[in-house]
Amino acid sequence: MSNEMTQTQLLLELEQVVEENLNRHIGAAKEWFPHEYVPWSDGRNFDGLLGGEAWSPEDKQMPDVARSSLIVNLLTEDNLPSYHHEIALLFGRDAAWGEWVHRWTAEEGRHGIAIRDYLLTSRAVDPRDLERLRMQHMSAGYTSAHSEDLLRSLAYVSFQELATRVSHRNTGRITEDPIADQLLARIATDENLHMVFYRNLLQAALQLAPNQAMRAIADVVTTFAMPGTDIAGFQRKAVEMAVAGVYDLRQHKDSVVLPVLRFWGVFDLEGLDAEGEQARTELADFLENLETKTLRFEDKRDSLKARLASR
Ligand SMILES: [Fe+2]
Ligand SMILES: [Fe+2]
């Protein structure tokens with residue numbers, strides 16, 4: 001592309017939008033306290049140093065898929081130091097960009113704290129397994145597929161924050177525990193505000209550099225993967241979660257990808273050059289194909305459920 005904007009130009013041009021959205025975010029985000037969401041009096045000492053009771057699956061009744069989803073969602077939150085590293089490198093730590101980086105990190109930190117406190121007091125999952133998985137997951141770290149690319153990163157996090165919102169919300173529902181549901185609904189509200197911030201930034205970028213932004217959106221949508229994909233046993237857990245309706249292709253397409261694309265008005269945008277049009281065509285083709293895949297998945301899930309019900 002001939003007149004592409006550089007990363008530095010984009011950062012500078014978007015600075016004002018970051019500041020406006022940071023202020024809007026701070027006005028919209030309600031203060032909340034993780035300790036209020038945790039059923040502390042349900043907690044008991046564990047075996048080991050304090051000589052309490054070893055964990056047992058009978059400690060807390062909960063569907064297995066809910067336990068898996070809670071673990072995936074918590075480990076995803078746990079990798080925050082790596083995410084912070086990625087966005088601090090890309091956005092910088094100065095002025096409004098830096099203020100956002102730190103504020104966002106502080107909010108995300110609350111999510112991992114609250115979910116872990118809940119899991120340990122409620123004894124919903126094996127604490128030894130959980131700690132080993134955390135060590136393994138965080139030791140591997142996380143590298144964004146779009147490091148050093150501002151527009152792709154903004155597009156990615158717009159979808160990813162919304163995906164996280166859906167996943168937390170639906171995990172809460174399937175726990176069959178009103179306390180978990182309440183906590184995860186609260187976290188989901190935060191994720192939604194994060195999505196709004198990034199979505200507004202990319203919308204401004206679409207005005208500033210429409211062809212470049214369209215290419216970024218197409219690349220991100222067609223290669224999208226959640227940040228937890230390298231959690232041990234992720235594939236199996238992701239399938240269980242999809243079957244249980246925590247996060248499946250239908251939600252990905254209709255509740256995550258399409259609403260954000262619609263907000264940006266990508267299919268109404270005028271004045272794209274040939275490369276911008278090419279990116280938009282790739283995006284449209286991908287979405288058509290995604291609908292076919294989604295219908296196929298739903299068919300398979302329906303027959304699986306019918307088989308299970310007839311047993
Ligand atoms: Fe989070
Ligand atoms: Fe978030």
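Trainee: What separates E131 and R134 in helix α5?

Mentor: E131 and R134 are 3 residues apart in helix α5 (residues 127–140), so about one helical turn lies between them. Helices are DSSP runs of H or I with at least four residues, strands are runs of E with at least two, and both are numbered from the N terminus. This is a predicted model, in which local features need pLDDT of at least 70, side-chain atom pairs count only at pLDDT 80 or more, and totals for chains, interfaces and linings use all residues; side-chain values use heavy atoms, without hydrogens and water. Residues are numbered from 1 along each chain as its sequence is written, while chains are lettered from A and ligands numbered from 1 in the order in which they are written.

Trainee: What makes the contact of E131 with R134 a salt bridge?

Mentor: The closest N and O atoms of E131 and R134 are 2.8 Å apart. The term asks for a side-chain nitrogen of Lys or Arg within 4 Å of a carboxyl oxygen of Asp or Glu, so the pair qualifies. Side chains of opposite charge can pair when their charged atoms come close.

Trainee: Is E131 buried, exposed or partly exposed, and why?

Mentor: Its relative accessible area is 36%. Buried means under 20%, exposed over 50%, and partly exposed in between (1.4 Å probe, protein chains only), so E131 is partly exposed.

Trainee: Where do the two residues of the R250 and E291 salt bridge lie?

Mentor: The R250 and E291 side chains meet at 2.9 Å, N to O. R250 is in helix α10 and E291 in helix α11, 41 residues apart, so this pair links distant parts of the chain. R250, at 19% relative accessible area, is buried, whereas E291, at 23%, is partly exposed.

Trainee: Which residue forms a salt bridge with D254?

Mentor: K253 does, with closest N and O atoms 3.2 Å apart. K253 is buried at 9% relative accessible area, and D254 counts as partly exposed at 31%.

Trainee: How many salt bridges does a search of the whole structure find?

Mentor: It finds 22. One network of salt bridges links D149, R152, R215, D219 and E282.

Trainee: Why is the arrangement around the iron ion (ligand 2) called irregular?

Mentor: The donors there are E108 (OE), E161 (OE), E191 (OE) and H194 (ND1), 1.8 to 2.2 Å from the ion. The 4 donor atoms subtend angles of 93 to 136 degrees. Four donors count as tetrahedral if all angles lie between 85 and 135 degrees; four are square planar and six octahedral if opposite donors are over 155 degrees apart and all others between 65 and 115; anything else is irregular.

Trainee: Which residue bridges the iron ion (ligand 2) and the iron ion (ligand 1)?

Mentor: E108 does, and the two ions lie 3.9 Å apart. E108 lies in helix α4 and H194 in helix α7, so the pair ties together parts that are 86 residues apart in sequence. H194 is buried, as is E108.

Trainee: How much space lies in the largest pocket, and which element gives the most to its lining?

Mentor: About 670 Å³ of space lies in the largest pocket. Its lining has 29 residues, and M226, F234, A238, Y247 and L249 are the closest to its centre. Helix α9 (234–243) gives the most to the lining, with 6 residues. A pocket is an open set of points on a 1 Å grid over the protein atoms alone, where a 1.4 Å probe fits, with protein on both sides within 12 Å along at least five of seven lines; lining residues have an atom within 4 Å of a point.

How values were computed:
Grid points are joined across faces, edges and corners, and a volume is the space filled by probe spheres set on the points. Donors are N, O and S atoms within 2.8 Å of the metal (3.2 Å for Na, K and Ca); water is not among the atoms, so sites may look incomplete.
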